[in-house]
Amino acid sequence: MKLNKYRKKSPWILHYNAGGCNGCDIEILACLGPKYDIERFGMINSGNPKQADIMLVTGPVTKRSRERLVDIYSQMPEPKVVVACGSCTCTGGVFRGMYNCEGGVDQYIPVDVYVPGCGCRPEQIIAGVVEALAKLEQKTKDIEKSIRLDRSPQINNGQMDRREIAVEIAPGKVFG
Ligand code: SF4
């Protein structure tokens, strides 16, 4: 239980590009740089899904990336949250309708926070991650409650039930 208490203070992030143009990836890297310094919230960009709490996805799902996306997501331990960074990650965006594009990532994995924009600004991404932290805390409580009541967490299609509707970060919403 102590581990869950500290998870909120130092969540580990996994960044995955499902097939975007790299524009939003550069914005995520800007968050990690000294100007926005996302590490001041205790976050570390982890390359290992088995140690990650928050998945930052960029780009639409392509035919070549969909299996890897689901595979990486399923390797992350519960509780976990997904932040879709960029318009093409949310809906397919400018790639929608292309022969190799499958659309937004929520067709394959559950998304908790949508951050629109092409590309999305670092302030928006940080606001999305802060929103994700609240969801991570709620999911942690749900799991702890299930353990206290001696019953399994609600599982639906192999994924933990999301009790709240996913939120969308408005273009004007910034943090800090
Ligand atoms: S939302 Fe725009 S900038 Fe971001 S990855 Fe997609 S096409 Fe590139």
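Here are some numbered notes on this predicted model, going from the overall layout to the details.

1. **Overall layout.** We have five helices and ten strands here. Of the 176 residues of the protein, 41% count as buried. If you look at contacts with a separation of 6 or more, 81% of them come from residues 24 or more positions apart.

2. **Strand E5.** Start with E5, residues 81-85, where five of the five residues are buried. What sits on each face? Val-81, Val-83 and Cys-85 are on one side, with Val-82 and Ala-84 on the other, and both faces are covered. As background, side chains in a regular strand alternate between the two faces of the sheet.

3. **Neighbouring strands.** E5 pairs with E3 in the parallel sense, over five bridges. One thing to click on is Met-55, whose bridge partner in E5 is Val-82. E5 also pairs with E7 (residues 113-115), again in the parallel sense, over three bridges. There, Ala-84 has Tyr-114 of E7 as its bridge partner.

4. Why does Ala-84 count as buried? Because 32 other C-beta atoms lie within 10 Å of it, and 20 or more is the cut-off. Asp-112 is 28 residues from Ala-84 in sequence, and their C-alpha atoms are 7.9 Å apart. Val-83, leaving aside neighbours within four places in sequence, is in contact with Ile-54, Leu-56, Gly-128, Val-129 and Ala-132, among others.

5. **The nonpolar core.** The largest nonpolar core has 39 residues, and the ones with the most contacts inside it are Ile-54, Met-55, Val-83, Ala-84 and Cys-85. At least two residues of this core come from each of E1, H2, E3, H3, E5, E7 and H5. H5 gives the largest share, seven residues. In general, nonpolar side chains tend to be buried together in soluble globular proteins.

6. Which residues of H3 (residues 66-75) are buried? They are Leu-69, Ile-72 and Tyr-73. These three lie on the same side of H3, because they cover an arc of only 100 degrees around the axis.

7. **Pro-79 and Asp-142.** Pro-79 is in the loop between H3 and E5, and the peptide bond from Glu-78 to Pro-79 is cis, with omega near 0 degrees. Asp-142, from helix H5 (residues 122-148), is 63 residues away from Pro-79 in sequence, yet the C-alpha to C-alpha distance is 9.2 Å. Is Asp-142 buried or partly exposed? It counts as partly exposed, because it has 18 C-beta neighbours inside 10 Å.

8. **Around the ligand.** There are 13 residues around the ligand, and Gly-20, Gly-23, Gly-86, Cys-88 and Gly-119 come nearest. The elements giving two or more residues to this shell are helix H2 (23-32) and helix H4 (87-91). By class, the shell has five nonpolar and eight polar residues, with no charged ones.

9. Gly-119, one of the residues that come nearest to the ligand, deserves a separate look. A cis peptide bond joins Cys-118 to Gly-119, with omega at about -10 degrees. Gly-119 lies in the loop between E7 and H5.

10. **Positive phi values.** Asn-22 is not a glycine, yet its phi is positive, about 85 degrees. It lies in the loop between E1 and H2 and counts as exposed, because it has 12 C-beta neighbours inside 10 Å. Asp-37, in the loop between H2 and strand E2 (44-45), also has a positive phi, near 50 degrees. Asp-37 has 13 C-beta neighbours inside 10 Å, so it counts as partly exposed.

Key: Residues numbered from 1 in each chain as written. Predicted model: local features only at pLDDT ≥ 70, side-chain atom pairs only at ≥ 80, totals over all residues. Near = placed C-beta within 6 Å. Helix = DSSP H or I, 4+ residues; strand = E, 2+ residues; numbered from the N terminus. Nonpolar A, V, L, I, M, F, W, Y, C, P; charged D, E, K, R; others polar. Contact = placed C-beta atoms within 7 Å. Arc of directions from axis to C-beta. Pairing = 2+ DSSP bridges. Core = buried A, V, L, I, M, F, W, Y, C linked by C-beta atoms within 7 Å.
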